Amino acid sequence: MIRHPQDDAELLALVRRYVTPERRYLKLGGSMLRMQSPECDRFMRELCEDAGLITAAEIATLLEGGWRERRTAAWLVAVSRRTEFRERLGELLLASEVCCVGLAYSVALASFGTARDADLLATYLDRYLCRPDLAYDQTVVMGALQFIDLNLGGGQADRFREPGSLWQQWLQDAPHMQGDSDPTPSNLSLIRRLCAFVDECAEAR
């Protein structure tokens, strides 16, 4: 069950503290890559501060909320390197209960960058590449998996991308992808840039 701030005083307090100030939840993602100094410097500094202040219990509570809460929590997890939330993020990614947060989960797992994170991303692709009717987070998850592969040399993404593979079939069958070229390079670039932002935040902490 998804918790809603309007019905939950505990969650509402956390939303007001971590999620909505200066509409943070909207900026977490590709839009923050377009920020310029001094806005970007302040945004990064405040994100780092909150990543250090928020408790594990508070993160767990935010991850029970809607997309705004979960997106913010996933970024705070990534910046604070709280790998104890790896499995929970993988579960939430696979469940895909809410929209607009798959990129945040993918960035967090890609920033952890272990073989287990690659397994979680691959599990998602095994399920959702079989659903061309669902325009979910297949493309950013593939980008995240390739990012880990490039760093680990694991080659997990290879089985999805060979001729006749699930990825090729999904690109062909998904109505929203018709006529588009393979989006993997652009999504890999996005994941790389967002993970670089996470690394910069982590180093600043």
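Select helix 6 (86-95) and helix 7 (102-112), each of which supplies at least two residues of the lining of the largest cavity; helices here are DSSP runs of H or I with at least four residues, strands are runs of E with at least two, and both are numbered from the N terminus. This is a predicted model, in which local features need pLDDT of at least 70 and side-chain atom pairs count only at pLDDT 80 or more, while totals for chains, interfaces and linings use all residues. Residues are numbered from 1 along each chain as its sequence is written, and side-chain values use heavy atoms, with hydrogens and water left out.

Next, select Arg70, Leu92, Leu93, Ser96, Glu97, Val98, Val101, Gly102, Tyr105 and Asp137, which line the largest cavity. A cavity is a set of points, on a 1 Å grid over the protein atoms alone, where a 1.4 Å probe fits but cannot get out, and lining residues have an atom within 4 Å of a point. The space in this largest cavity is about 50 Å³, a volume being the space filled by probe spheres set on the grid points, which are joined across faces, edges and corners.

Now show the whole protein chain, which has 12 helices and zero strands. The C-alpha atoms fill a box of roughly 50 × 35 × 30 Å along the principal axes. Of the 205 residues, 50% are buried, meaning under 20% relative accessible area with a 1.4 Å probe, protein chains only. Among contacts with a separation of 6 or more, 69% join residues 24 or more positions apart, a contact being heavy atoms within 4.5 Å.

Notes. 1 Å grid on protein atoms, 1.4 Å probe; cavity = no way out; pocket = protein on both sides within 12 Å on 5 of 7 lines; lining within 4 Å.
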